[in-house]
Amino acid sequence: MAAAAAAVLAACQGQTLDTSPPASVRPLNGSLTASDPAQLQTDDGQWVMPAKNYSSTRFSGLNQITTANVSRLGVAWTFSTGMVAGHEAAPLVVGSTMFVVTPFPNIVYAFDLSRPGAPLKWQYDPKPLGASKGVACCDTVNRGAVYADGAIFFNTLDGRTIALDAATGQPRWITPLADINKGESMTMAPLVVKGKVLVGNSGGEFGVRGWLTALDAGSGSIAWRAYSTGPDKDVLIGPSFTPHYDGDRGKDLGMTTWPGEAWRTGGGTVWGWISYDPELNLLYYGTANPGPWNPDQRPGDNKWTAGIFARVPETGEARWFYQTSPHDLFDHDGVNEVVLANLAVDGQQRKVAMRADRNGLFYVLDRATGEVLSAAPFGYVNSNRGVDMKTGRLIEVKEKAPRLGVVVRDICPAAPGMKDWQPMSFSPQTGLVYIPHQNLCEDLETMTTSYIAGTPFVGASVVYKAGPGGNRGVVTAWNPVSAQPAWTIKEHFPVWSGTLVTAGDVLFYGTMDGWFKAVNAKSGEELWRFKCGSGIIGQPVSYRGPDGRQYVAVLAGVGGWAGAIVSADLDPRDATAGNGWGGALADLKDATTRGGMLYVFAIGGGQ
């Protein structure tokens with residue numbers, strides 16, 4: 001149906017568009033008609049979804065770039081976006097075309113990889129409402145797009161999901177979903193599963209009610225919506241909902257674990273990542289923090305925030321939920337990526353879901369049931385003592401709990417958590433997970449706040465500081481079977497970029513002061529570095545170009561929550577600037593400047 005629609009549109013525009021089935025999943029002739037994401041994700045020549053594949057491994061099977069030759073990487077080509085907000089997106093590569101989505105105003109660029117210098121094929125400006133910048137809590141970022149059925153799907157900050165014809169850049173449909181008057185925005189990268197485009201909202205700091213929505217990929221019509229708070233009928237909880245732990249069972253817990261009507265403004269937004277297991281036919285995604293931050297205003301477990309849902313893609317029906325931080329005390333959103341793998345745990349092969357959580361614990365769950373198999377700290381943690389393996393419940397440290405009108409000092413990890421949105425990667429070759437994260441603690445004071453639609457609803461003041469050792473960033477190679485680190489790299493600033501690992505056993509990541517680095521995935525030994533024009537908070541990807549060479553691409557452009565002190569030009573003398581980052585990153589302005597640039601590297605550079 002989608003291919004037929006594309007052919008009709010192309011005919012109307014006097015163009016010739018190949019709508020025949022692709023000879024392979026990688027049509028290097030430039031045709032953009034390959035359709036099945038389940039097939040496309042297996043082709044290491046392309047990068048068609050944000051995390052490379054449904055398992056969210058961010059592992060490339062390409063091996064031309066190795067630990068032996070990565071030192072000869074050079075710049076192949078570049079592109080300036082001309083924008084100064086934080087650049088968090090992953091580029092996509094489909095056939096011989098690369099697609100990039102910028103931060104606000106969310107312009108989509110398509111580059112022709114088959115020609116020298118990758119000239120522009122087309123660009124699309126969605127012209128989002130400027131007022132949406134007023135409800136972006138943490139810079140006006142966008143985390144990328146997804147490709148399926150000959151279309152590029154992406155979200156705009158003002159709350160629209162848009163489908164563009166990948167060959168022409170013409171819109172197929174535009175569906176408005178979020179209401180900026182309520183404080184809603186949209187920053188996440190969509191995912192397409194079984195013909196449905198999955199998108200969620202942002203705005204937990206404005207008292208919005210979180211949701212995940214499925215749109216029909218062909219028409220943009222809403223197929224289903226699952227809220228993160230409220231009665232079971234709104235959360236799409238029915239008879240097949242079978243969570244592993246008793247604390248997640250009961251009728252309408254999305255209402256009864258909140259005081260009064262607080263669930264209506266209780267957050268639980270869905271601005272992170274989605275994974276999918278085709279065998280179990282389950283989606284996995286996290287729900288963000290409850291609102292407001294001040295926990296005294298919302299006694300109870302505050303279901304279904306700060307946890308992981310498993311749902312059926314056809315209907316949205318929930319199968320299980322696990323809450324990593326019941327009654328979250330510290331803005332420990334549960335939106336971090338869920339990486340799927342099959343591992344031998346205690347001598348038994350298990351289908352697992354792995355997550356490095358903001359609360360500082362690395363979780364390994366049985367992804368069929370939600371049972372916790374292990375939960376171990378991957379950095380310094382003093383605000384919890386791990387998980388009660390019988391109940392699955394986080395064990396809190398009372399001395400570090402917020403108290404109204406009192407400054408509680410040296411809480412570790414801080415509100416951005418041991419790891420925020422920046423995605424980790426997993427190599428099936430080394431068996432290691434590569435976690436980019438921070439080493440931060442905080443001083444926290446809470447106060448009573450009132451809800452007014454479209455205005456901040458937080459009730460807390462925070463100041464972040466470096467954790468033990470003084471370094472503010474870390475890359476940790478984590479063994480998920482032994483629940484221990486294999487090696488670590490200390491970084492001066494928080495590591496706010498994603499990681500990419502390849503079959504050449506090379507790990508790539510960026511730093512906030514602009515270094516793009518390659519290290520040995522087995523040992524952590526640094527092998528290569530390149531100084532970009534701005535700090536890096538983007539997600540590196542790898543692909544095979546039409547010339548057969550392996551390339552690595554990344555967006556530089558400091559910003560986001562951590563880098564807003566630079567992108568928004570805040571005064572670093574104010575320790576609370578950027579919602580607490582002024583205390584931790586006052587020196588970032590001396591280390592880098594703002595401005596977005598796409599860098600593409602290959603062995604020997606442009607040659």
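## An open sheet

The model shown here is predicted.

Five strands make up an open sheet with mixed pairing, and their order is β1-β32-β33-β34-β35. The edges belong to β1 (59-60) and β35 (526-531); each has a single partner strand, so one side of each is left without a neighbour in the sheet.

Have a look at where β35 meets that partner. Strand β34 (residues 515-520) and β35 run antiparallel and are joined by five bridges. Here K517 stands opposite R529 in β35.

## Two disulfides

On to the cysteines: the structure holds two disulfides. Counting bonded cysteines along the chain, their pattern is 1-2, 3-4.

C137 is partly exposed, at a relative accessible area of 42%.

The other disulfide joins C412 and C441, with sulfur atoms 2.1 Å apart. The link of C412 and C441 is right-handed, at 105° about the S-S bond. This pair connects distant parts of the chain, 29 residues apart: C412 sits in the loop between β25 (407-411) and β26 (425-426), while C441 belongs to strand β28 (residues 440-446). Both C412 and C441 are buried.

## One more cysteine

Is C532 buried or exposed? With a relative accessibility of 3%, C532 counts as buried, because buried means under 20% relative accessible area.

Conventions. Residues numbered from 1 in each chain as written. Predicted model: local features only at pLDDT ≥ 70, side-chain atom pairs only at ≥ 80, totals over all residues. Heavy atoms only, no water. Pairing = 2+ DSSP bridges. Helix = DSSP H or I, 4+ residues; strand = E, 2+ residues; numbered from the N terminus. Disulfide = S-S within 2.5 Å. Buried < 20%, exposed > 50% of the residue type's maximum accessible area, 1.4 Å probe, protein only.
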